[in-house]
Amino acid sequence: MRLILLGPPGSGKGTQSALLAERLGVPHISTGDMLRAAVAAGTELGIKAAAHMDAGELVPDDLVVLIVRERLSQLDASNGFLLDGFPRTDVQAEKLGGMIEEIESGLDAVVLIDVPEEDILRRLSGRRVCLACGAVYHIDSNPPPEHRRCPEGGECSFVQRHDDTEAVIMERLRVYREQTSPLINYYKSRGLLVSVDGVGSVREVFDRIVRTL
Ligand code: AP5
């Protein structure tokens, strides 16, 4: 299956993508995770992306399109993929359309996870992620277990993301409204959009997505 998960920051795209990728046996491709890895590694891409990410702005289209093109060309993506956080602009959506035509396949669906903005701030300000393996928890709804081990070995070390401060969350929501939410109509008009209520437990939302697909 070739899927896109769309939705505002904190709607649960990463959480649901991890579960769906396991269920469907396709790679979970998160541009946010790839960019954070580039920042941590201090690559040229990471150096260019860091200031945009810390400010809650989008990283320029040409940089993001390049990493997605490279990732989709890898063998494990040839039988399907789950894109989390891409596309985020109309330019990215057009470029993705071109890439998919090149591999002579099509998208199966774009899943919009619908969560009201009033829930977003609570979700993001309480999020904790493992620096090493990226596991995602929430201090109230899904607290990080003590002494959790990363799949690669070693103990998880949970921190708050740099862009999960209130001011940056508000900016990310503004950017989403202005630059990413127009993609809802873009994919609706192509008959690809399915909308899922993102309020409820992680398992409830997952079951809704699976039923919808
Ligand atoms: P990215 O990492 O993609 O951030 P985002 O889209 O803002 O999304 P988040 O990761 O914040 O949230 P999520 O929807 O994945 O929610 P999660 O599952 O973690 O991008 C970061 C930055 O990179 C961007 O700002 C931009 O600068 C850059 N970037 C990335 N892609 C780009 C692109 N294509 N173009 C340009 N720039 C790009 O859940 C959030 C919290 O809620 C967690 O604590 C979780 O435990 C909790 N939670 C999840 N589900 C539930 C539930 N059902 N009920 C209660 N709590 C829940």
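Biologist: Which residue stands opposite Leu82 in S3?

Modeller: The structure shown is a predicted model. In this model, His28 stands opposite Leu82 of S3. The pairing of S2 with strand S3 (residues 81-84) is parallel and extends over 3 bridges.

Biologist: In what order do the strands of the open sheet with parallel pairing lie?

Modeller: The sheet has 5 strands, and their order is S2-S3-S1-S4-S8. From one strand to the next, the twist averages 25°.

Biologist: Which strands stand at the edges of that sheet?

Modeller: The edges are taken by strand S2 (28-30) and strand S8 (193-197). Each has a single partner strand, so one side of each has no neighbour in the sheet.

Biologist: Is strand S4 mostly covered or mostly uncovered?

Modeller: Strand S4 (residues 109-114) is mostly covered, for 5 of its 6 residues are buried.

Biologist: How many bridges join S4 to S8?

Modeller: These two strands run parallel and are joined by 5 bridges. On the S1 side, strand S1 (residues 2-6) pairs with S4 over 4 bridges, also in the parallel sense. Leu112 may be followed through both pairings: Leu112 is the bridge partner of Leu6, and Leu112 stands opposite Ser195 in S8.

Biologist: What is the order of the open sheet with antiparallel pairing?

Modeller: This sheet is formed by 3 strands in the order S6-S5-S7. Strand S6 (136-138) and strand S7 (158-159) stand at its edges; each has a single partner strand, so one side of each lacks a neighbour in the sheet. Strand S5 (residues 127-130) pairs with S6 in the antiparallel sense over 3 bridges. Within that pairing, Val136 of S6 is the bridge partner of Val129.

Biologist: Which two values describe a pair of packed helices?

Modeller: Such a pair is described by the angle between the axes and by the distance between them. Here, helix H6 (residues 117-125) packs against helix H7 (residues 166-180) at an angle of about 135°, and their axes are 10 Å apart. H6 is therefore oblique to H7. The crossing in which H6 passes H7 is right-handed.

Biologist: Which residues make the contact of H6 with H7?

Modeller: H6 contributes Glu117, Ile120, Leu121, Leu124 and Ser125. From H7 come Glu166, Ile169, Met170, Arg172, Leu173 and Arg177. The residues of this contact divide into 6 nonpolar, 1 polar and 4 charged.

Methods: Residues numbered from 1 in each chain as written. Predicted model: local features only at pLDDT ≥ 70, side-chain atom pairs only at ≥ 80, totals over all residues. Heavy atoms only, no water. Axes fitted to C-alpha atoms, helices over the stretch in contact; angles between N-to-C directions. Parallel < 35°, antiparallel > 145°, perpendicular 65-115°, else oblique. Left-handed = near helix turned anticlockwise from the far one by under 90°. Contact = heavy atoms within 4.5 Å. Nonpolar A, V, L, I, M, F, W, Y, C, P; charged D, E, K, R; others polar. Pairing = 2+ DSSP bridges. Buried < 20%, exposed > 50% of the residue type's maximum accessible area, 1.4 Å probe, protein only.
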